Amino acid sequence: MIKVNWQKIKPFEKKSFALPVMAVLLALCLAALIIGAVRKPELGVLRFLSAIFVFLTIAFNIRIESRMLQIYMLLCVLAAGLFAAALLPMPKGLAIFFFVICCVALAASIGITIAAGIMMNQNTHYDFPEPDRSNVFSGKNVMLFAPHEDDEINIYGGLIEQYVKHGSTVRVVFSTNGDFYRLGRLRIWEALKVAGRYHIPRENFIFLGYSDSMVNSEGKHIYNSDNAEERITSPAGHKKTYGTNAKPPYKSSSFTRKNILNDFKSVILEYQPDILYCCDYDGHADHRAISLFFEEAVDEIIKENPFYRPEVFKGFAYSTAWDGKEDYYSLNALSTHLKKPAEVMRETNTYAWEDRVRFPVAIESLSHVMQNSLSYKAMMEYSSQTATDHANGILNSDNIFWKRRTDSVLFDAEISATSGDPSGLLGFKLVDSEDIKNDKGLPLAKQWHATIADERKIIGIKLPAPRKISSVVLYGSPEESSKIVNAVVSLGSYQFSTGELNPLGTPTVFEFPPVETDRIGIKIKSYIGSCKLLKVEAFEEPESAELQFIKLQNSNEDFCYDYIINKSGREDFTLYSYPYQKNLEFEVAADDSIQFNVNRGVITVACLEGEEGVLTVRSKENPDIYDTVIIRNPDERERYILAHKQKREQQFLSFPMQWDYYRGLVRRLVTYKPAKFN
């Protein structure tokens, strides 16, 4: 596929440009047909068929990332071919010759497409004995929030399959219909197709029914509306939630900030999920809104329901998926990486890369070529979004998230400070912004900022009743220019100095023997730049360290499944554990075709060329937690064939991939239909 510079071609995608250009090109095609009908050139039918066959041959073999440029190119080719057929003098023999050549070219293109579908499906599936991870994925009530239809794949593809195949109840909640280009009902229909791909009941795909990119009279996103009951009309012309006849919205609600928040709360409370997943503060205003609305809703729910404490995981749709590093084509599946490696997620600076939770993906989502991956097949249903164009950055060997605890004892506490506004320090919402649509900087709206004149710089926290606290977590400012160098935390009569907090707003965890108290004091002793804090949490119990799963990884931290060892036949591996176990004790077993040695947590594996076998790694403390992988050392010929298939997959599309591309082209045209306002 020919890549494009989207910034440069944007003007050529606009309706004001596209419609006149397509009208002119179609008119030229029609004019050529009329001229041909009037002139009646010898063998006119064959000549016009030759032009059409050239058009189809190019359509099979040349694809441009921009569907509109593809349309312009194909219409230009068709018009030029039809004019040539109508006007160029051509002897009978030459006309027949060209017709035969065009027939052969088209037949070859069709043959290559058929062959691509057959050959790509041979020996490219991953094949390994999946370990039993029912303790992680079975019997759960899971709810995953997505800002737009297709983001459930961008964020959760590979993970959804794990829960479904283990029998958990999976619900996906879409906050908007993604209707900025008035494709809302089409996207709902596409999403229901995806539900079928994942074997999720349609009723478990829930559409809140709000519009995309809603802004108020001041040009701010609806999330930032000062009047929670201000009614807004969306860019697509809608004023209230909507769906389709087959799939109505979750509730009938006018577009107000209050209604969105209430719908978030309502859908969570109705189903009481054990585990909640949501997009975090991402590269799109609607993604940011769902993150902040979600956290605001969870904050209110856990304050009102002291016995409901779901697990919460936050992830990103852009930097780790839609706009992720294009690294799919490798002999082994690669783990999620950022385009530009960083120690923190730059969207907020509050998530340390090393703190990410990495879930293994299901075998159905793993393949050496994309078209065999279930996640890719699901993306194909979103042809209106040309979702598969981004598969190279979305499909990886792990799903990464950051865990947010919901059991802080401070959610209902009172807080005061000797200066500044500390009201944002104790809630579940981690970051906030006064303008998520227009402010591209860090979301710093609710962090505490002590004044320069304040010589004491003390925060006081009063709990409703004494609690046994054994852990305190402090988040410094995400700003690089501000850092807490030292502070003193007091819990009743117990005190400790923090030392320098972790940089850029990432959490610093302090654990100690349980202290029963209803008061916590924090005194800032020294700092660099400005004296700021983002969040304070306190817990009765440290975060659970009970092992949930382990996963074999290579020296580059790529998760291993059906693994092709390097050509030397010798490679080192380590174990990823969740939660992280510093001194994890494990035992290794393998088939006779594999030799291994374990030294200080490093597993050195040797496998001769042409051999393969099963390697099993098992926790000594809990033998039910284990991982199994296939280790293979194929010969040079097999490696070449596999690498060649990966190299050519995007060049020689199979019929399903061709269908996905051109269906997306047709659906792209729907965005130019006349607006229909409610």
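The structure holds 36 salt bridges, a salt bridge being a side-chain nitrogen of Lys or Arg within 4 Å of a carboxyl oxygen of Asp or Glu. This is a predicted model, in which local features need pLDDT of at least 70 and side-chain atom pairs count only at pLDDT 80 or more, while totals for chains, interfaces and linings use all residues. Residues are numbered from 1 along each chain as its sequence is written, and side-chain values use heavy atoms, with hydrogens and water left out.

**Stop 1**

Side chains of opposite charge can pair when their charged atoms come close. Select Arg187 and Asp150, whose side chains meet in a salt bridge of 3.6 Å, N to O. Arg187 belongs to helix H9 (residues 184-197), while Asp150 is in the loop between strand E1 (141-146) and helix H7 (151-156), 37 residues apart. Helices (H or I, at least four residues) and strands (E, at least two) are DSSP runs, numbered from the N terminus. Arg187 and Asp150 are both buried; buried means under 20% relative accessible area, exposed over 50%, and partly exposed in between (1.4 Å probe, protein chains only).

Next, select Arg358 and Asp398. Their closest N and O atoms are 2.9 Å apart in a salt bridge. This pair links distant parts of the chain, with Arg358 in strand E6 and Asp398 in strand E7 (residues 398-404), 40 residues apart. Both Arg358 and Asp398 are buried.

Arg358 lies over the face of Tyr576, at 5.2 Å from the ring centre. A charge sits over a ring if NZ of Lys or CZ of Arg is within 6 Å of the ring centre and within 35 degrees of the ring normal.

Now go to Asp432 and Lys446, which meet in a salt bridge of 3.6 Å, N to O. Both residues are in the loop between strand E8 (414-417) and strand E9 (448-449), 14 residues apart. Asp432 is buried, with a relative accessible area of 6%, whereas Lys446 counts as partly exposed at 45%.

**Stop 2: aromatic pairs**

How many aromatic pairs are there? The count comes to 41 aromatic pairs. Phe128 and Tyr561 form one that is tilted, at 5.5 Å centre to centre and 50° between the planes. Rings of Phe, Tyr and Trp (its six-membered ring) pair if their centres lie within 6.5 Å; planes under 30 degrees apart count as stacked, over 60 as edge-to-face and the rest as tilted.

Phe128 lies in the loop between helix H5 (92-120) and helix H6 (134-137), and Tyr561 in the loop between strand E15 (549-554) and E16, so the pair ties together parts that are 433 residues apart in sequence. Phe128 is buried at 7% relative accessible area, and Tyr561 is buried at 3%.

Select Phe316 and Tyr351 next. They form an edge-to-face pair, 5.9 Å centre to centre, with 80° between the planes. Phe316 is in the loop between strand E5 (311-315) and helix H12 (318-322), and Tyr351 in the loop between H12 and strand E6 (357-360), so this pair ties together parts 35 residues apart in sequence. Both Phe316 and Tyr351 are buried.

To see a cluster linked by ring pairs, select Phe137, Tyr156, Tyr163, Tyr277, Phe313, Phe359, Phe401, Phe549, Phe559, Tyr576 and Tyr578.

**Stop 3: a sheet**

Show the strands of an open sheet of four, in the order E16-E22-E21-E18, with mixed pairing. Two strands pair if DSSP finds at least two bridges between them. Which strands are at the edges? They are strand E16 (562-564) and strand E18 (586-590), each of which pairs on one side only. E18 and strand E21 (residues 612-619) pair in the antiparallel sense over five bridges. Within this region, Glu587 stands opposite Arg618 in E21.

**Stop 4: cysteines**

A search of the whole structure finds zero disulfides, a disulfide being a pair of cysteine sulfur atoms within 2.5 Å. Select Cys29: its sulfur is 8.6 Å from the closest cysteine sulfur, in Cys76, too far for a bond. Cys29 counts as buried at 7% relative accessibility.

Finish at Cys279, whose sulfur is 6.1 Å from the closest cysteine sulfur, in Cys278, also too far for a bond. Cys279 is buried, with a relative accessible area of 0%.
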